[in-house]
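Please find below a colleague's note on the structure shown here.

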Amino acid sequence: MGETIVIQPVTRIEGHAKITIQLDDGGNVQDSWVNVIELRGFERFCIGKPVEELPRIVTSICGVCPWSHHLASAKACDAVFGVDIPPAAKKLRELCNSVAYTEEHILHFYFLGGADFVMGPDADYSVRNVIGIAGKLPDVAKKVVRCRWLGAQMLDIISGKSIHPVTAVPGGVSKPVTKDEVEKLKPMAQEILELAKFSIDYAKKNIFTPFLDAVKTLGVIETGFLGTVKQDGAFDVYDGMLRMMTPDGKYEDFPYDKYTDYIAEHVEPWTYLKFPYMKKVGKFSMDLANPSGIYRTNTLARMNVCDYIPTPLAQKEFEEFRKNFGRPAQLTLLYHWARLIELLYNAENVVRLLNDPDITSTDIRIPVKPRAARGIGCTEAPRGTLIHDYETDENGIVTNVNLIVGTTHNNAPINMSVKQAAKALIKDGKYDQGILNKVEMTIRAYDPCLSCATHDIDGTLPVKIDIVDGDRNLIDTLRNF
């Protein structure tokens, strides 16, 4: 057996993972794996709890996207209690969702993924990070930090708590927003919108165009896509129908509470992440030459499944994107481009909602009563379609939980993109830091949140032990997977 290359930890992602690349005797890539080596287990923690507590509990699944879990959970609770919440409550939840989106997309572009392009994929790792960006673009860095702060302040004003939120409750939201608060929020929203406009303009001129060759080759795979659209096909990240698109661009819409008719889950012994796949295809395969059942979620998927974007500036960017790359666009690094279009949409959407007179209504909550039921909530988290599925007994106590989070949908595509990049770049046993970073770049494009995504518990812990001598030479390796 040839050399084994291990990239650990994978850097500038949320959560912990390593890449294992197995070379053959000729030094060429035989196989690869993205091992996710952490565990959450919230599906078990939540059983036995009153269901109304879950919107507060599940925010601790992830410190990066607590709002997505909070809102998906609140929608699942609404379904369990069988209520349709007041319009103003829906708008306040959507407002919080869009503000959180701006925070998270700014975080990924400037702090995590953007350094590979701003500093260059072959730049030394000591400067290929947010500190390097701050040194190269100090005025931009100040705006980025300020807008991240503004987003947190806005969520604090609207909901009372920006991290690990508590405002969405079964039946609506816990507090209204006042007219004075709205007037305070408007200039803050406008400042974030200006950064969103600058970001996509800067990226098109200085990043996407110069790196177009890499965009067309690195981590490219062909898959289907899943995302949320309104009844008329409009882009939406808070509510709507799910649209499953096959690799040839054909699609089928379905209500998210029917997800088990369309999505099945596969398990592999070398990772805690499950592998969702298209149930109707009936077969799961990550074979690069002949994949089966594989689909992707997150920004690129949402650009592919929607027919249009209902805000003017984002729609203009969307039209240019589709004209350049077609439908469905399959190039993996286009996730970054699509992410900046979404940043623009959400910044526009925040301004739109703050100018909606209904946003200050005090009719924001209706009473609920416990019952035995099943409720499913779904939102588009920044990292993909997020599904919360709860069952309760007659006292409203949780008896079963299933979560499918955004990164879980992308588990198989991430593994395939890594393998494609490794096979293309590593030849005859020759590789360097720049090549290995390009392999990592295929993961960063998906903006994975691995702390959210680990949901397979079979009672065993995958353990790998390296035995070394006094000079740190490897003597043997023991593993149980």
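1. The largest pocket holds about 460 Å³ of space. A pocket here is an open set of points on a 1 Å grid over the protein atoms alone, where a 1.4 Å probe fits, with protein on both sides within 12 Å along at least five of seven lines. Its volume is the space filled by probe spheres set on the points, which are joined across faces, edges and corners. The pocket is lined by 22 residues, of which Lys75, Lys90, Lys230, Tyr238 and Asp239 are the closest to its centre; a lining residue has an atom within 4 Å of a point.

2. The model is predicted: local features need pLDDT of at least 70 and side-chain atom pairs count only at pLDDT 80 or more, while totals for chains, interfaces and linings use all residues. Residues are numbered from 1 along each chain as its sequence is written, and side-chain values use heavy atoms, with hydrogens and water left out.

3. Helix H3 (66-81), helix H4 (87-113) and H12 each supply at least two residues of the pocket lining. H4 gives the most, with five residues. Helices (H or I, at least four residues) and strands (E, at least two) are DSSP runs numbered from the N terminus.

4. Of the 21 residues of H12, 19 are buried, so this helix is largely enclosed by the rest of the structure. Buried means under 20% relative accessible area and exposed over 50%, with partly exposed in between (1.4 Å probe, protein chains only). At 1.5 Å a residue, H12 should span 30 Å, and its end C-alpha atoms are 31 Å apart, which agrees; the expected span is 1.5 Å times one less than the number of residues.

5. In helix H11 (residues 312-325), the buried residues are Ala314, Gln315, Glu317, Phe318, Phe321, Arg322 and Phe325. Seen down the axis of H11, they fall within an arc of 165°, so they line one face of the helix; the arc is that of the directions from the helix axis to the C-beta atoms. Pro312, Lys316 and Lys323, on the other side, are exposed. Gly326, which follows H11, has a positive phi, near 75°.

6. An open sheet of mixed pairing is formed by four strands in the order E8-E7-E6-E11. Strand E8 (251-254) and strand E11 (295-296) are at the edges with a single partner strand each, so one side of each is left without a neighbour in the sheet. Two strands pair if DSSP finds at least two bridges between them. Strand E7 (residues 241-245) pairs with E8 in the antiparallel sense over four bridges, and Phe254 in E8 is the bridge partner of Leu242.
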